[in-house]
Amino acid sequence: MTELTLSNLGKQYPNGVRALDGFTLRVASGELLAVLGPSGGGKTTLLRLIAGLLTPTRGDIAFNGQSVLALPPPRRKAVMVFQEHQLFPFMSVAENIAFGLQLQKLDRQTIARKTAQALEMVRLEGYQTRMPDQLSGGERQRVALARALVLNPNLLLLDEPLNSLDAELRAELREMIFALQRETGVTTLFVTHDQAEAAAIADRIALVMEGRLKQVDRPRLMFERPADLQVARFLGGVNFFPAQKQADRLHTPLGILLVDPALPNGEGVATVRPEAVQPGQSDCNTLQGFVEEVRYQGSVVSYVVRVGQTVLHAAWPPHRVFSPGEPVSLHIPPQKIWLLPGRQAAV
């Protein structure tokens, strides 16, 4: 297994665009890291640099502590799977999977055995002779995944591999990727712009925005403890209000709230995720308000609740639906309140 280390990595294109700047990151051996961020943020450039398809302007890329900048792509064995499967249309499924093995000049028996094993891994036994145009979108991506895994890569680089699939197929293939990564132990970078997808599949999430690494953390901490206001907004944060913290008290437009005393004292921007705003009363941080908007979204119901002059967004299960204009009690658990750096004008 391979540990990946990126040190002050940067990439500037000839037209002056800086795709990556000062990018430093360590990915542990056997880790599945989701690389999350908006389109155009530098995620694909990052994978291409690691694979050796692009040359960095500065910085270093190391596998297990050894720089690979001088190594061509085949010797790095950092294999990419793209959003579009890029199968050879004139080759059968088995021929597509075997292509990389043939380039390694392995004998026919070894190629046949490894190809069969790869087909079994992605649950496509019996598909050897089918052509790409005879496969569904999900099946084509599974062949592309098998073609990558059959090479026993040092790193598996997945560039939004589920983006062109419908919701049901996305979920199915995401679970397959997760299971295969755990089975093989290959260090994997999974690029996506889907926050829920990143949280569902990854050991950690690396958030990339405007070519810079904004935050790296476990999924739950990433969502509940964002590094700054920009990160919080990208991850779906909508509840922000100016605050002043002293000890375990937070002075806000909602009143004085109890918070984790470990939060830094002083002025900042308080945030709480919609799903952390709880209906009903509690022994602390109970608020009274009126429902302004209700939006049914299947597994949850989204609410806009006015508390005094402040609006709170909440997301509650649909077993009890409140109506617009209805009074409602709600509470915010102290450990769910996070204080972002910045002044009140940033809200």
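**Entry 1: burial and overall form.** I take buried to mean under 20% relative accessible area, exposed to mean over 50%, and partly exposed to mean in between, with a 1.4 Å probe and protein chains only. On that basis I find that buried residues make up 48% of the 347 residues in the chain. I note that this is a predicted model, in which local features need pLDDT of at least 70 and side-chain atom pairs count only at pLDDT 80 or more, while totals for chains, interfaces and linings use all residues. Residues are numbered from 1 along each chain as its sequence is written, and side-chain values use heavy atoms, with hydrogens and water left out.

I looked up the extent of the chain, and its C-alpha atoms fill a box of roughly 75 × 45 × 35 Å along the principal axes. The secondary structure comes to nine helices and 20 strands, read as DSSP runs numbered from the N terminus (helices H or I, at least four residues; strands E, at least two). The chain exposes about 16500 Å², of which carbon and sulfur atoms supply 50%; the areas come from the Shrake-Rupley method with a 1.4 Å probe, and for residues only the protein chains shown count as cover. With contact taken as heavy atoms within 4.5 Å, I see that 65% of the contacts between residues at least 6 apart in sequence join residues at least 24 apart.

**Entry 2: the nonpolar core.** I searched for sets of buried Ala, Val, Leu, Ile, Met, Phe, Trp, Tyr and Cys residues joined through side-chain atoms within 4.5 Å, each set being a nonpolar core. The largest has 46 residues, and Ile97, Leu145, Leu156, Ile177 and Ile205 touch the most other members. Helix 5 (residues 137-149) gives the most to this core, with six residues. I then listed what Leu156 contacts, leaving aside its neighbours within four places in sequence, and found Val79, Val81, Leu145, Ala148, Leu149, Val186, Thr187, Thr188 and Leu189.

**Entry 3: aromatic rings.** I counted five aromatic pairs in the whole structure, where rings of Phe, Tyr and Trp (its six-membered ring) pair if their centres lie within 6.5 Å, with planes under 30 degrees apart stacked, over 60 edge-to-face and the rest tilted. One of them is Tyr303 with Phe322, an edge-to-face pair at 5.9 Å centre to centre and 75° between the planes. This pair links distant parts of the chain, 19 residues apart, with Tyr303 in strand 17 (residues 301-307) and Phe322 in the loop between strand 18 (310-316) and strand 19 (327-331). Tyr303 is buried at a relative accessible area of 1%, and Phe322 is buried as well, at 12%. Phe322 also pairs with Trp316, with ring centres 5.5 Å apart and planes at 70°, so this pair is edge-to-face; Trp316 is buried at 2% relative accessibility. Elsewhere I note one aromatic cluster formed by Phe88, Phe90 and Phe99.

I also looked for charges over rings, meaning NZ of Lys or CZ of Arg within 6 Å of the ring centre and within 35 degrees of the ring normal. Arg130 lies over the face of Tyr127, at 4.1 Å from the ring centre, and Arg233 lies over the face of Phe240, at 4.7 Å.

**Entry 4: salt bridges.** I find 17 salt bridges in the structure, each a side-chain nitrogen of Lys or Arg within 4 Å of a carboxyl oxygen of Asp or Glu. Lys214 bridges to Asp228 with the closest N and O atoms 2.9 Å apart, and this pair links distant parts of the chain, 14 residues apart, from strand 10 (residues 212-217) to the loop between helix 8 (219-224) and helix 9 (229-234). Lys214 is partly exposed at 27% relative accessible area.

Lys336 bridges to Glu224, the closest N and O atoms again being 2.9 Å apart, and here the pair spans 112 residues, from the loop between strand 19 and strand 20 (338-340) to helix 8. Lys336 is partly exposed at 22% relative accessibility, as is Glu224 at 23%.

Arg295 and Glu293 form a salt bridge with the closest N and O atoms 3.4 Å apart; Arg295 is exposed at 54%, whereas Glu293 is partly exposed at 36%.
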